[in-house]
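Q: I am new to this structure. Please show me how to read its features, one at a time.

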Amino acid sequence: MVGLTYAGGLPGELGKRWPSWSASTARRGAAARKLAIYREAHLELVNAKIDQLLGGGQVAADIKRFAHRSPNVLKAVADAIGVAYRSGCTRSLRGVSPEVARAFADVVTESGITRKAAGLNAASWVAGPHFVSPYLTSRGAVALDVVGPDRLDAEMQGEDVERVLWKQGSSYVLLDASGWSYYDSNGEPTGGDVAHAVGRCPAVPFVSFDGGPDFWAQSAHDGLADVTLVCGYKIAWMLYARQVSGVPLTTVFADLEKLPPGQVLGSPVTPLLLPPDGKVQVDSSRVVSAADYLSEVSALITMAVSIEGLPPGSVTLVANTSDWGSLGISAEGPRLAAHRDRQVPWLLHSERELWPVVCDLVRGSTHKHARVLPPGDEVRDILRVEFPDLSSPDEQLKRIQVMQAGLPYGLSSPVDVPLAARPELTREEVDETQRANLEAYIARIEPLVSRQIPGQAPDAPGHQTIAQQQGRQGGIASGETRAAAAQENVNP
């Protein structure tokens with residue numbers, strides 16, 4: 001299997017410590033297959049599909065010369081659907097001092113999560129849980145190991161991770177509640193074990209969808225992987241057929257003995273001289289149309305993506321002669337928000353598990369913020385992770401208008417708008433956020449209003465003091481009275 005070179009049990013001392021490794025070989029192989037396709041390292045899998053469907057032989061060998069990696073349906077769908085981090089993600093601690101807030105923000109940025117989150121979202125959607133483990137680099141900086149299910153096994157107690165083992169190159173890494181242990185390719189300890197002070201295994205599974213009772217979601221999105229390989233086979237067959245049958249069939253009717261000597265029969269470039277009674281017939285019916293093959297490929301793609309919540313109208317595979325073969329998958333507007341809403345609750349849970357672990361790891365190290373960050377148990381209570389709303393501006397305005405229309409009748413509440421856009425939040429969290437936003441807004445506009453800065457202070461009622469509103473209204477009324485009196489004097 002592509003990407004899986006460690007089937008079977010583990011050797012040496014490591015085999016005694018982790019006897020169940022061989023039991024998860026098939027599961028790692030299934031994940032390796034899907035991740036190879038997502039990483040566009042699946043040409044070998046396309047060739048294997050060609051052999052499987054044609055039974056091997058010379059024809060299969062000829063067709064494999066035309067095999068390539070497009071269209072990659074699995075990658076296109078994963079990139080279109082894995083959108084939870086599309087507009088970023090805000091991680092902060094509520095109610096802490098500015099010093100603690102800055103230290104936590106430094107650690108989040110230093111970890112590199114902002115660079116890795118989008119890829120982590122898509123990869124965990126493709127192949128199931130990816131484990132994220134924080135560690136300290138040789139320079140004392142926080143970094144994150146991201147290990148996929150194609151090279152990892154884990155022992156779980158419910159949702160709690162007891163320990164994990166993964167292959168790193170030709171060696172192995174075992175991580176548990178005490179620290180990291182390292183083993184060579186023979187399963188023997190290499191020394192250099194590293195302890196940590198987290199108090200539990202510092203590995204957090206990141207999950208992007210509900211995989212049902214199977215934590216590893218072994219069969220999820222297998223249909224997309226299958227159709228990607230079948231489409232690769234279909235495209236290779238099309239290119240082969242167009243190559244061998246892409247020119248008209250030319251038939252020469254003549255007595256070979258009467259042909260002028262010295263000629264090369266079948267030459268594609270030199271002319272052929274025939275006797276007077278000879279003739280040539282050209283048959284163009286052998287030319288293979290690309291549109292027929294591409295229409296079949298398009299039908300296969302449509303059937304596969306419909307299972308993932310992408311209706312036929314969101315998939316285009318151009319079959320004309322100008323730019324045929326272009327694959328486009330669109331997931332915008334309400335559909336994009338729907339995909340986001342299905343993924344965020346799972347990723348939110350993973351984020352809330354990760355950062356208390358990171359803080360405990362930092363506190364037990366020589367990191368510059370080790371004495372500033374609060375313990376993980378406190379971080380768990382004050383951590384706020386926010387995923388932005390991905391619905392379109394038009395959709396957001398419609399929600400606000402519906403809320404405003406229902407307010408006088410008690411049919412809606414200002415809390416309803418954020419809840420509709422971000423259903424993973426609770427009413428208490430929305431209320432808390434709204435109050436904080438209003439306080440920040442008032443704090444910003446109050447100096448502008450009190451100083452009546454032109455062009456800066458809002459003019460709408462509610463943004464001005466009572467004295468300002470009364471003075472403005474009195475000035476308008478006085479001006480209207482003086483204008484009327486002046487008009488009467490002009491026209492007595």
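Q: Does Lys 234 count as buried or exposed, and at what relative accessibility?
A: Buried means under 20% relative accessible area, exposed over 50%, and partly exposed in between (1.4 Å probe, protein chains only). Lys 234 has 13% relative accessibility, so Lys 234 counts as buried. A word on the source: this is a predicted model, where local features need pLDDT of at least 70, side-chain atom pairs count only at pLDDT 80 or more, and totals for chains, interfaces and linings use all residues. Residues are numbered from 1 along each chain as its sequence is written, and side-chain values use heavy atoms, with hydrogens and water left out.

Q: Which side chain meets Lys 234 in a salt bridge?
A: Side chains of opposite charge can pair when their charged atoms come close. The rule for a salt bridge is a side-chain nitrogen of Lys or Arg within 4 Å of a carboxyl oxygen of Asp or Glu. Here the partner of Lys 234 is Glu 296, at 2.7 Å from N to O. Lys 234 sits in helix α8 (residues 222-244) and Glu 296 in helix α9 (residues 290-306), so the pair ties together parts 62 residues apart in sequence. Glu 296 is partly exposed, with a relative accessible area of 38%. Helices (H or I, at least four residues) and strands (E, at least two) are DSSP runs, numbered from the N terminus.

Q: How many salt bridges does the rule give?
A: The count comes to 21. One of them joins Asp 51 and Lys 64, with the closest N and O atoms 3.0 Å apart. Asp 51 lies in α3 (residues 43-54) and Lys 64 in α4 (residues 57-64), so this pair ties together parts 13 residues apart in sequence. Asp 51 is partly exposed at 29% relative accessibility. Lys 64 is partly exposed too, at 27%. There is also a network of salt bridges, which links Arg 33, Lys 34, Asp 222 and Asp 226.

Q: Which residues of α4 are buried?
A: An α-helix has 3.6 residues a turn, so residues three or four places apart point the same way. In α4, the buried residues are Ala 60, Asp 62 and Ile 63. Seen down the axis of α4, they fall within an arc of 160°, so they line one face of the helix. That arc is taken from the directions from the helix axis to the C-beta atoms. The buried residues of α4 pack against α3 and α8, where contact means heavy atoms within 4.5 Å.

Q: How much space lies in the largest pocket?
A: On a 1 Å grid over the protein atoms alone, a pocket is an open set of points with protein on both sides within 12 Å along at least five of seven lines; a cavity is a set where a 1.4 Å probe fits but cannot get out; lining residues have an atom within 4 Å of a point. The largest pocket holds about 680 Å³. Of its 26 lining residues, Pro 418, Arg 422, Thr 433, Gln 434 and Asn 437 are the closest to its centre. Helix α14 gives the largest share of the lining, eight residues.

Q: What lines the largest cavity?
A: About 40 Å³ of space lies in the largest cavity. Its lining includes Arg 27, Lys 34, Pro 149 and Trp 216. Helix α2 (residues 25-38) gives the most to this lining, with four residues.

Technical notes:
Points joined across faces, edges and corners; volume = space filled by probe spheres on them.
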